[in-house]
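Thank you all for making the time this morning. I would like to walk through one model with you, starting with its overall layout and then going residue by residue through a few places.

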Amino acid sequence: MIAIFQALLLATSLMFTSVATADSKTYNQANFDALQKAGKSILLEVHAPWCPTCRVQAPIINELLEEKEYQAITLLRIDFDSQKDALKKFNVSKQGTLIVFKGEKETGRSTGDTAFEKIEALVQKAL
């Protein structure tokens with residue numbers, strides 16, 4: 001019985017660790033500008049830790065960006081609660097918003113999508 005409890009505890013801890021340690025970088029204007037100038041593919045994730053939609057999106061995004069096809073995309077996370085200037089810049093009013101760029105051009109946006117297929121279709125627009 002103890003072994004089962006320990007296994008469940010380990011699985012739960014790994015699940016939350018993988019979400020928390022994703023290869024996302026916190027958004028800052030200088031980094032975003034440099035990526036755009038270099039013509040890079042960018043996925044902006046407007047995230048709030050209390051948001052159930054964001055909790056569903058995060059592992060989907062992590063899984064997609066681990067695939068070889070999408071590894072050139074840089075994920076930048078905008079904190080919905082503390083980065084209000086970025087929300088204004090990108091005209092975002094809701095957490096769970098995803099925006100993709102190819103260089104300086106915005107190529108797609110969605111709010112509240114939690115279906116793997118829809119998020120993948122959006123991410124493809126950054127390539």
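Before I read out the layout, a word on terms: helices (H or I, at least four residues) and strands (E, at least two) are DSSP runs, numbered from the N terminus. With that in hand, the protein chain has 5 helices and 5 strands, and read along the sequence they follow the pattern α-β-α-β-α-β-α-β-β-α.

Please keep in mind that this is a predicted model, in which local features need pLDDT of at least 70 and side-chain atom pairs count only at pLDDT 80 or more, while totals for chains, interfaces and linings use all residues. Residues are numbered from 1 along each chain as its sequence is written, and side-chain values use heavy atoms, with hydrogens and water left out.

Now to the chain as a whole. If we take contact to mean heavy atoms within 4.5 Å, then among contacts with a separation of 6 or more, 69% come from residues 24 or more positions apart.

Let me turn to a pair of helices. How do H3 and H5 pack? Helix H3, residues 52–66, and helix H5, residues 116–124, pack at an angle of about 50 degrees, with their axes 10 Å apart; the axes are lines fitted to C-alpha atoms, for helices over the stretch in contact, and angles run from 0 to 180 degrees between N-to-C directions. Angles under 35 degrees count as roughly parallel, over 145 as roughly antiparallel, 65 to 115 as roughly perpendicular and the rest as oblique, and H3 and H5 are therefore oblique to each other. On the H3 side the contact is made by Gln 57, Ile 60, Ile 61, Glu 63, Leu 64 and Leu 65, and on the H5 side by Phe 116, Ile 119, Glu 120 and Val 123.

Staying with H3, Thr 53 lies in this helix and, at 26% relative accessibility, counts as partly exposed. Leaving out residues up to four places away in sequence, Thr 53 touches Gly 96, Gly 112 and Thr 114.

Gly 103 sits in the loop between S4 and strand S5 (105–111) and counts as buried at 5% relative accessibility.

For the cysteines, Cys 51 counts as buried at 2% relative accessibility, and Cys 54 is buried at 1%. A search of the whole structure for disulfides, meaning pairs of cysteine sulfur atoms within 2.5 Å, finds 0.

Finally, a backbone detail. Most residues other than glycine have a negative phi. Asn 91, however, has a positive phi of about 55 degrees although it is not a glycine. Asn 91 is placed in the loop between helix H4 (84–89) and strand S4 (97–102), and at 67% relative accessibility it counts as exposed.

How values were computed. Buried means under 20% relative accessible area, exposed over 50%, partly exposed in between (1.4 Å probe, protein chains only).
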